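Subject: Structure handover

Hello,

The structure we discussed is below. Please read the notes with the model open beside them.

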Amino acid sequence: LMSPSIGIIGDGFGAAAFVLHLSQHAPEYLDNLIIFGTGTLGSGAAYACATPDYKLNVRSDLMRLWPDNPSHFTAWAKQYLDDDDAHHPAGAFYQRRDFARYVSACLADLPQKITQISEHVIQARALTDSADTRWQVETEHGARYQCDHLILATGNPKPIWPCSVHLPDDDKRLIQSVWKGDWQTSVGSGEDVNIIGGGLTAMDVIYALFQAGHKGQIKVITPNGMLPPVQTPWTVKPAFNWPECRTACDVVRAARSILGPDWTQISWQESFEALRIGLNDVYQGLSGNERRRLMRHFGGWWMLTRFRCGPHTHAAASALQKAGQLQVLFGRALSLDEHKANIQLTLSGGAALISDKVINCTGPAGDALLSSMLAHGLLQPSSSGRGISVSALLACYRPDKSPWESLSAIGSMTGGSLGDIVAASSIARQASIVAQRLA
């Protein structure tokens, strides 16, 4: 019998992790697999960067492609990477592009050649109303492919401006996406820069500017007025014993019961990581309304503390702040306008900031393919309002709340249903679950 045809929409880390786990659980399926994506398999938005200045924000032992072999990347890095700068008392923080090299090396060991269609997918539709239907995928150039099983692993779409922009789309003073790491040459050493967003992407930009010896002023505009805390040399502690939580308040109260006042302490991060172990089970036990309340009141703080920056980027930001070059401002961007030869950034409080360049570091935008599939009644939005609804085994739900047997999802789009699904290790676990289910 011929193995079922499998289509993967997306070519980032989630897609590569699925291919590798499928090779472990059902290698015969690889002969009938097609990947739709225009980049290098395994790189995606997170790791397909040209610059050595973008580093992983977690130490190497937490970058786990194989859940049952947590030291696999660390062992590979010791053998193949010559990067003394990566090492720090808090751990080894390698370049993000080197993690892409690692994933490529794992893929290169596969005996099969993986088929990749280097086109964007614009539409995916079910050929029947059956739960185990075949799927038709249409690419940007009109080609159509049919698959017995379709896997959504679209990753993170490129950012869009979070405010109204009254400037030409091709204005060189606006840098809409920095993910590739090829923007630095467009910023003059003495230019003043405004950064919208204060998460890990902003920290990457700050570090790159610091490494380039930037002399101009840098202002970071963020809704909470803070930059992420730095990773500490924490060690794994026993999982927190979560009490029964029926409301968002229950979750916050339980978290506060073991977290102290100072998030810079090693013990604080150890307690926080112990909380995370069982958090997804707690989240999934909440109603949709309570999930939305939790994210509305607690989500911003959680994201800030969850995504700590690496020690290299933290040291750079601290040095720039001490020198008076870097300021972190509380607010949200409302509009970008012309101001003589410069750009005016107007904030929610009415303040106007003038600079030579504005850099967007707000994170991923919405996914056009998912939006289309939702609009056509092929997917169900999650009850939390974020992403799509999926089962614990990553089967996508239909609007009638029944699961598709032939449609799965991997990655951040599942976070609204399942909780904290962003880290490489979490996505790799999802890839393993889907591979085992198909096998």
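Buried means under 20% relative accessible area, with a 1.4 Å probe and protein chains only. Helices (H or I, at least four residues) and strands (E, at least two) are DSSP runs, numbered from the N terminus.

This is a predicted model, where local features need pLDDT of at least 70, side-chain atom pairs count only at pLDDT 80 or more, and totals for chains, interfaces and linings use all residues. Residues are numbered from 1 along each chain as its sequence is written, and side-chain values use heavy atoms, leaving out hydrogens and water.

Helix 8 (residues 288-306) bends by about 65 degrees at Phe 298, the bend being the angle between axes fitted to the seven residues ending there and the seven starting there. Its end C-alpha atoms span only 22 Å, whereas a straight helix of 19 residues would span 27 Å at 1.5 Å a residue. The expected span is 1.5 Å times one less than the number of residues. Phe 298 is also among the buried residues of helix 8, as are Leu 294 and Trp 302.

Helix 4 (residues 96-108) reaches 19 Å from first C-alpha to last, close to the expected 18 Å. Its buried residues, including Phe 99 and Tyr 102, pack against helix 1 (13-25), helix 2 (44-47), helix 3 (72-80) and helix 5 (200-211).

Ser 335 lies in strand 15 (residues 333-339) and is buried, at 11% relative accessible area.

Regards

Technical notes: Buried means under 20% relative accessible area, exposed over 50%, partly exposed in between (1.4 Å probe, protein chains only). Contact means heavy atoms within 4.5 Å.
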